[in-house]
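The following account is intended to be read with the sequence and the coordinates at hand. Please keep both in view while following the paragraphs below.

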Amino acid sequence: IPQGEALVEAILQLKKEKNAVILAHYYQPAEIQDIADFLGDSLQLARQAKDTEADMIAFCGVHFMAEAAKILNPTKKVVLPDTQAGCSLADGCSGEGLRKMRAQYPGALIATYINCNAETKAESDIIVTSSNAETIIRSLPQDRPLIFAPDKNLGRYLMKKTGREMILWDGSCIVHEAFSMERIAQQLHEHPDAKLIAHPESETAVLDLAHFIGSTSALLNYVEKDAATKFIVATEEGILHEMRKRAPGKTLIPALVFDESCNCSECFFMKRNTMEKLYLCMKYELPEITMDEELRQKALVPIEKMLALST
Ligand code: 13P
Ligand code: SF4
């Protein structure tokens, strides 16, 4: 495997040869973000995947994101650098689990966060991402019970924001749950001029302290446009790379986590992807996302409903 500049060149060469597009999430390692054709949040990446004219999508994110790309654009080859790039939310909620929950609450609608696998999507009435969840929840009929899966933290936040009662699946993101409200309160005390910005997967105690809550793309826009010059950032720290580019004069401080020996908030899953693995997956066109066609069609329905309701 080539190294350094030669590796970057080799990936660019493969991209040309194979008419591939590289899509990457903001939590990816910096060098992957730099080589990507498109960098975005979950919703933006799903849209890019749906609309691409490329023959191959090299998806640098976690498994459920690459799977969503395949669901939306089945004629393209979708490869990802590491199939072990999972997600604690997706791993904690199965299609069978949702089926059981539906049976428990007859007549309920199920709104599911995009951080889930295809089987779980197939059992859902509508999918949401952190960018469109509030709008979508507000648009759902009021006369039926509403189940929200799998992120209970995002669910609680949405209940508070919209006033809509929801039955919550008991799942969470291991990265965002690690933020410590006490230590962040101390950071705010030490930096009285800083604003705390947080992703809604964080726990309520952290969100209650936040000056702004939003998806990764919303957090980026906020840092860029807000008049403040200092921000404490409560989300996966890979996003700081793009924040520094978009708001070069501003001070960005990663929010602290419970574990005092580790001042980081890295998603272990997102960071399984490396430049070497990206090169290999493009060269050998493996690992590839494949899916049963019946399952794909079932999973597509609630995603398309989401896209129709998103701006
Ligand atoms: P966004 O849709 O806000 O990018 O969130 C994705 C994610 O996995 C957050 O942990
Ligand atoms: Fe999943 Fe959390 Fe990692 Fe996002 S940060 S991919 S929600 S484990």
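The model is a predicted one, and the values quoted here are computed from it. When neighbours within four places in sequence are set aside, Ala58 is in contact with Ala20, Ile22, Val79, Leu278, Cys281 and Met282.

The strands may be taken next. One open sheet has four strands in the order β6-β5-β7-β8, and its pairing is parallel. Strands β6 (126–128) and β8 (167–168) each have a single partner strand, so they stand at the edges and one side of each is left without a neighbour in the sheet. Further in, strand β5 (residues 109–113) pairs with strand β7 (residues 146–149) in the parallel sense, over four bridges. On this pairing, Ile110 stands opposite Ile147 in β7. In a regular strand, side chains alternate between the two faces of the sheet.

Another parallel pair is formed by strand β11 (residues 230–234) and strand β12 (residues 251–254), which four bridges join. Here Val233 stands opposite Pro254 in β12.

Attention may now turn to ligand 2. This ligand is surrounded by 13 residues, and the closest are Cys87, Ser88, Cys173, Val175 and Cys267. By class, the shell around ligand 2 consists of nine nonpolar, two polar and two charged residues.

The remaining points concern the backbone and the exposure of individual residues. Most residues other than glycine have a negative phi, and most peptide bonds are trans. Against that background, which bond is cis, with omega near -15 degrees? It is the peptide bond from Ala149 to Pro150, and Pro150 is found in the loop between β7 and α9 (152–162). A cis peptide bond also joins Leu286 and Pro287, with omega about -10 degrees. Pro287 lies in the loop between α14 (275–284) and α15 (293–309).

That loop between α14 and α15 also holds Glu285. Although Glu285 is not a glycine, its phi is positive, at about 55 degrees. Glu285 counts as partly exposed because it has 15 C-beta neighbours inside 10 Å. A positive phi occurs at Asn19 as well, with a value near 45 degrees in a residue other than glycine. Asn19 is placed in the loop between α1 and β1 (20–25). Is Asn19 buried or exposed? Asn19 has 10 C-beta neighbours inside 10 Å and therefore counts as exposed.

Helix α1 itself, residues 4–17, contains Leu12. This leucine has 12 C-beta neighbours inside 10 Å, and Leu12 therefore counts as exposed. Leu12 and Pro2 are ten residues apart in sequence, and their C-alpha atoms are 12 Å apart in space.

Note on methods:
Residues numbered from 1 in each chain as written. Chains lettered and ligands numbered in written order. Predicted model: local features only at pLDDT ≥ 70, side-chain atom pairs only at ≥ 80, totals over all residues. Contact = placed C-beta atoms within 7 Å. Near = placed C-beta within 6 Å. Nonpolar A, V, L, I, M, F, W, Y, C, P; charged D, E, K, R; others polar. Pairing = 2+ DSSP bridges. Helix = DSSP H or I, 4+ residues; strand = E, 2+ residues; numbered from the N terminus. Buried ≥ 20, exposed ≤ 12 C-beta atoms within 10 Å, placed from the backbone.
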